[in-house]
Amino acid sequence: MVQLQTLSKNQQVVFDIIVKAKEPLKAYSILYNVQKKGIKAPQQIYRALDKLIEIGKIHKIESRNAFVACKNSNCEISKATAFSICESCEEVDEVSDTKLSKFLSKFNDKKGMTFKRFNLEFFGLCKRCKIK
Ligand SMILES: [Zn+2]
Ligand SMILES: [Zn+2]
């Protein structure tokens, strides 16, 4: 995989942990994991998380207050993210739908407000949970 942006050591450590996780990670479990690798200050972790979000390597799932790695290479230039969240098994998936992102990039408030970024979350049941 081509690394477009060089990450600092802390950013790389945090990113690796999030990539390897099978589910969205809360900040405290990221903290717990990095402490094993010798990063002690929570401040450093939060700074690394902020930067990773800013460059589109990870996303924050606001409703779960958790972080996931980006699976969509277009995101690095896009400010519009959308996730589907299963309310039963908590599986989170990044929605990559060009129609949706095109619509969102042109979406403007009728009162004249322009939006810089979007973070959509769709809730429902995933395929596996539906047939249970
Ligand atoms: Zn993404
Ligand atoms: Zn599910």
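Colleague: How are the donor residues of the zinc ion (ligand 2) spaced in sequence?

Modeller: The spacing is C-x2-C-x36-C-x2-C. This is a predicted model: local features need pLDDT of at least 70 and side-chain atom pairs 80 or more, while totals for chains, interfaces and linings use all residues. Residues are numbered from 1 along each chain as written, chains are lettered from A and ligands numbered from 1 in written order, and side-chain values use heavy atoms, without hydrogens and water.

Colleague: Which atoms are the protein donors of the zinc ion (ligand 2)?

Modeller: A donor is an N, O or S atom within 2.8 Å of the metal (3.2 Å for Na, K and Ca); water is not among the atoms, so sites may look incomplete. Here the SG atoms of Cys86, Cys89, Cys126 and Cys129 are the protein donors. They lie 2.2 to 2.3 Å from the zinc ion (ligand 2).

Colleague: What arrangement do the 4 donor atoms make around the zinc ion (ligand 2)?

Modeller: Look at the angles. Four donors count as tetrahedral if all angles lie between 85 and 135 degrees. Around the zinc ion (ligand 2), the 4 donor atoms subtend 106 to 113°, so the arrangement is tetrahedral.

Colleague: Is Cys126 buried or exposed?

Modeller: Buried means under 20% relative accessible area, exposed over 50%, partly exposed in between (1.4 Å probe, protein chains only). Cys126 is buried. Cys129 is buried too.

Colleague: What is the strand order in the open sheet of 3 strands?

Modeller: Strands of a sheet pair through backbone hydrogen bonds, either parallel or antiparallel. Two strands pair if DSSP finds at least two bridges between them. In the open sheet, the order is β5-β4-β6, with mixed pairing. The edge strands, β5 and β6 (118-124), each pair on one side only. β4 and β6 are parallel, over 7 bridges. To find that pairing in the model, take Ser84: its bridge partner in β6 is Phe122.

Colleague: In which sense do β2 and β3 pair?

Modeller: They pair in the antiparallel sense, over 4 bridges. Ile61 has Ala66 of β3 as its bridge partner. This hairpin has 4 residues between the strands, and Asn65 takes a positive phi near 50°. Asn65 belongs to the loop between β2 (58-61) and β3 (66-69). It counts as partly exposed because its relative accessibility is 45%.

Colleague: What is the phi of Glu90?

Modeller: About 70°, a positive value although Glu90 is not a glycine. Glu90 sits in the loop between β4 (80-86) and β5 (92-94). At 36% relative accessibility, Glu90 is partly exposed.

Colleague: Now a helix. How far apart are the end C-alpha atoms of helix α3?

Modeller: They are 18 Å apart. The expected span is 1.5 Å times one less than the number of residues. For the 13 residues of α3 (residues 42-54) that gives 18 Å, so the two agree.

Colleague: Which residues of α3 are buried?

Modeller: An α-helix has 3.6 residues a turn, so residues three or four places apart point the same way. In α3, the buried residues are Ile45, Ala48, Leu49 and Leu52. They cover an arc of only 100° around the axis (taken from the directions from the axis to the C-beta atoms), so they are on the same side of α3. Gln43, Arg47, Asp50 and Glu54 are exposed on the other side.

Colleague: How far apart in space are Leu125 and Glu87?

Modeller: 6.0 Å, C-alpha to C-alpha, at 38 residues apart in sequence. Leu125 is in the loop between β6 and α5 (127-130). Its relative accessible area is 48%, so Leu125 is partly exposed. Now take Thr114 and Lys51: they are 63 residues apart in sequence and 24 Å apart in space, again C-alpha to C-alpha. Thr114 is in the loop between α4 (98-106) and β6. With a relative accessible area of 56%, Thr114 is exposed.

Note on methods: Helix = DSSP H or I, 4+ residues; strand = E, 2+ residues; numbered from the N terminus. Tetrahedral: all angles 85-135°; square planar, octahedral: opposite > 155°, others 65-115°.
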